[in-house]
2 protein chains.
Amino acid sequence: MCDASRPKPELFGASNEARVADRLFRFYERPMARLHTVAIEARNQADDPSSPVERFGTNEPLLLDAGVALAPWQIAYKTYGELNATRSNAVLVCHALTGDQHVASPHPVTGKPGWWETMVGPGLPLDTNRFFVICANVVGGCMGTTGPASTNPATGRPWGVDFPVVTIRDMVRAQALLLDRLGIDSLFCVIGGSMGGMQVLQWAASYPERVFAAMPIATGARHSAQNIAFHEVGRQAVMADPDWRGGRYLEEGVRPRKGLAVARMGAHITYLSEAALHRKFGRRYQDRDAPTFTFDADFQIESYLRYQGITFVERFDANSYLYLTRAMDYFDLAADYGGVLARAFAGTKTRFCVISFTSDWLFPTAESRAVVHALNAAGASVGFVEIESDKGHDAFLLDEPAMFAAARGFIDAAARARGIA
Amino acid sequence: MCDASRPKPELFGASNEARVADRLFRFYERPMARLHTVAIEARNQADDPSSPVERFGTNEPLLLDAGVALAPWQIAYKTYGELNATRSNAVLVCHALTGDQHVASPHPVTGKPGWWETMVGPGLPLDTNRFFVICANVVGGCMGTTGPASTNPATGRPWGVDFPVVTIRDMVRAQALLLDRLGIDSLFCVIGGSMGGMQVLQWAASYPERVFAAMPIATGARHSAQNIAFHEVGRQAVMADPDWRGGRYLEEGVRPRKGLAVARMGAHITYLSEAALHRKFGRRYQDRDAPTFTFDADFQIESYLRYQGITFVERFDANSYLYLTRAMDYFDLAADYGGVLARAFAGTKTRFCVISFTSDWLFPTAESRAVVHALNAAGASVGFVEIESDKGHDAFLLDEPAMFAAARGFIDAAARARGIA
C-alpha cells in the first residue's frame, strides 16, 4: 500500500509569487501589487533618471581599465544642501552594490525612503545645513549612469553584455569627471560603506589632493576569495536563468527574475549575521504552528528571504548585478601598487576614519585593520573604530548609534580643521 | 565614438561546460568526459543499487513523521569487516547530506574512493579488523534507499515530489528496521558528521538501549536560522530551473542541472572557511596572469566552484537534494522533548564523544557545546573535543590527525568497556 502525502513545492512563478505576497503582505505590511509598475519605472530610469544627470559627448570619453574609451556616456546624481562660497564643503557619498544616488530622499522607483536617511540630513552626522552632499550612481549601475541597461547609442538597443567590464577605479574616474563638471576641485569628505568604502579608498589613492577626509566603512582594500565565491554563485544563478537570454533579455522583453532573486537571497544572508538571524527569526514558523511537511516557506526566515528576492528583481537590472559584483571582485588596491598597500597612500595628507563592525563576516575587522596598518605605514592621520554590533555587514545601513557618533566626531573635527562653519 | 570590448559570459551550457572542463582537466587532473555515463549510472542506482539492499513489503511500512506509511520500501547499505559471534561489534556510520553508503570502497558511480577511507579500514580508528561497520543510504536519498528518484510502485514512474517529506527521525527509523532485519539488537557505536551527526543524536534519543557509544561530529541538535536560509536558497535555485519541471524531470528525461549546480556551489562555500579559501585560492588567477575583463572564471576559486557544481549534478538527484536539506531544516531535537534538550537523553547509559572544529561556521562549536551541556544535565558520560583547524565544516571528511586521535581513543576505550577484543 502506498499512502503518500503530496507536497506542493512553492516556486518563483507568477501565481506562487502572488501567494507568497499574500502571506508576506500581512507580515511585512508592504503592498506587492505595485511591483509590476515598479519594474517599468526602473527600466525608464536607466536612460532618463528622475535625478540630475550630466552628459559627456563623444569627445569626452570615460577611459576604462578594460582599455575601452566609453563615449558618449552620462552620470546621474543627487545633491543635498548647498555648496558654500569657497566650494569647500562638498561631501561625496559612495553607494554600495545595490544602492544608488537616492541617499536621503524617496526612491523614485520604489517610493521607499533614501538608503542613508539616518546619516544625511539637517542635524545628522552629514549635516545638510553645513555640507553639500553629492551621490552619483556608479558607472555600470542602472539608475541613470551609463551601464548595461542603458541604450547603446551605436545600436539603439540596450548595451546588455556588450557593455565593457568596469572597475572600482572606473567608478571613481567617472565621479571625478562629474565633480570637474560641477566645478568642485576638492572634496571635504568622501564616505561610503562596502563597495562604497572601496570607492573611498580608491579616491584617496587616485586623487589624494582632492580628498580632505575619508571615511571607509565595513569594507576592505581587496575582495577576499570567499567574497568572490559568493559573487560567482550569484552570477551563475542569474546566467542559469533561461530568461537571461545570453544577456539580451531587455531586447527580448523578458527578465531573469528567478535567477536574480536566487542571487539576491544568497547575497542577503551574507549581509546579516548568524546572531541577527537567530534573534530576528530563529526557527519560528511563518503563519503556522507546526511544519507542513512540504517545501512551502514554513519558516519565517524562508519567507523573509523570498520577499528580499522578489522585491529586489523589480528595481534592479540583472546585468548591472553581474557587472558591479565583478567590479568588486576585481578590486585589489595593493595590486596596483606593487602589492604594497601602504604605497597607495604614500605622502597622503588626507585624514582617515576607518570603521568596522564586530559581526561583519563579509568584510571582517581584519580587512579594515589591514587598511589601518597600511595608512599607519604611510604616516597618514587615521582613526579606527570597531563597533560592537550583531547586525552583520548591513550594520552600516542601520540604526547604529556608535557609528553615528564616530562619524559625527570625525566629521566635526575635520570641518573645524577645514574651516567650515 | 563607441569602442567597447565584448565580454563573453560563460554559462553552464553544454558547450561552455566542455570549455570549463577543458581548463579544469589540466588543473584538477580529472577526466570530465565520463560525466554523462556517470549520470546514467547514477540514475540506475536509485532502484537497483550495486550494494546490498533490504526490501520491505506492503505489510512492513516505514512510518514517517509526515503521517505517511511508506510501503513497499527498500534500504541500501554497505558493510565492512565481520560481525563477531556475540554480535557486539557493530558500528553504524551515518552519512552526511550528499554522502552515501560507500564509506570505504570505491563509489560505484564516480569511481572515486569512499568518503571516509581515512576513518574506516584495517588499523584505522574504525578498525575493520575489529568492528563490523555498516552504513545505509538514508531514506530520501538516491543511492538505493527509497527516495524521490526511486520508482513509485503505485504508478511505475519516479516518485518525484510525490514522495513524502522525510525527517532525520525517519532516517533513523529506517536504519533501525534494517538492523532488525540483520539481527543486530545493539550497536557498539553510532558515528557521523553533519547530517550524519544529527542522526547520531537522534539514535541516542530514540533508541538509547541500542547505542553503547555515540560520536556526533561537526553537528548540532537543531538547524540554525542561517543554515535554513542557505538551504532555502539552494532549493529555490533548483526549483527556479525550468528543467526541474515541477519536480517531474526524471519522467520527462531532463534534469535541473544548472539549478542544482548553483545550489551546490553556494553550499560548498559554507563547507569551507574563509581561511581555507584564502590559503587554497586567495585571489590567484586561473591559467592567466591578469583579469580578462569578462565574466570568465578569472579566479581559481571560480573555476573550483564551477567544477564542484558540474561534477555534483551528475551523481546526485536534485529532488533528493530538496528532501534531505528539508530534513535537516526540520531537525530540532529539543522540540520533541518540550524544548528541553537534556530530556532527549534522560537516563541514557550511552557514552558520548562530541567533536567540533574551530573554523566550522555552519555548525560552530557553540552548537556542540549546547549538546554537551544537555548531556551533562542528563548525567551522561560525555567527552568533548574542539579541534583547531582552518578547514571549516568539511574538516570531518579530511585529513585531521586530531580527529583521528580523538576517535581512536574514544572507540578503543569504549571497546574495552564493551569487551570487544
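These are my notebook entries on a predicted model with chains A and B.

**Ground rules.** I count residues from 1 along each chain as its sequence is written, with chains lettered from A and ligands numbered from 1 in the order in which they are written. As this is a predicted model, local features need pLDDT of at least 70 and side-chain atom pairs count only at pLDDT 80 or more, while totals for chains, interfaces and linings use all residues.

**Entry 1: where the chains meet.** I looked up the contact between the chains and found 65 residues from chain A and 65 residues from chain B. Two residues are in contact if their C-beta atoms, placed from the backbone, lie within 7 Å. On the chain B side, α5(B) gives the largest share, 12 residues. Helices here are DSSP runs (H or I, at least four residues), as are strands (E, at least two), numbered from the N terminus. I sorted that side of chain B into 40 nonpolar, 12 polar and 13 charged residues. Ala, Val, Leu, Ile, Met, Phe, Trp, Tyr, Cys and Pro count as nonpolar, Asp, Glu, Lys and Arg as charged, and the others, Gly among them, as polar.

Entry 2: Next I checked α6(A) against α5(B): their axes come within 10 Å and cross at roughly 170°. Axes are lines fitted to C-alpha atoms, for helices over the stretch in contact, and angles run from 0 to 180 degrees between N-to-C directions. That makes α6(A) roughly antiparallel to α5(B) (the word is for angles over 145 degrees). The residues in this contact include A:Val262 and A:Met265 from α6(A), and B:Phe230 and B:Val233 from α5(B). I see eight nonpolar, four polar and one charged residue in the contact of α6(A) with α5(B).

**Entry 3: a pair inside chain B.** The axes of α6(B) and α8(B) come within 8 Å and cross at roughly 130°. Among the residues making the contact are B:Leu260 of α6(B) and B:Phe312 of α8(B).

Entry 4: B:Asp390 sits in the loop between β14 and α11 of chain B. B:Asp390 and B:Ala275 are 115 residues apart in sequence, yet 6.0 Å apart in space, C-alpha to C-alpha. Leaving out residues up to four places away in sequence, B:Asp390 also touches B:Ser273, B:Arg279 and B:Ser359, among others.

Conventions: Angles under 35 degrees count as roughly parallel, over 145 as roughly antiparallel, 65 to 115 as roughly perpendicular and the rest as oblique.
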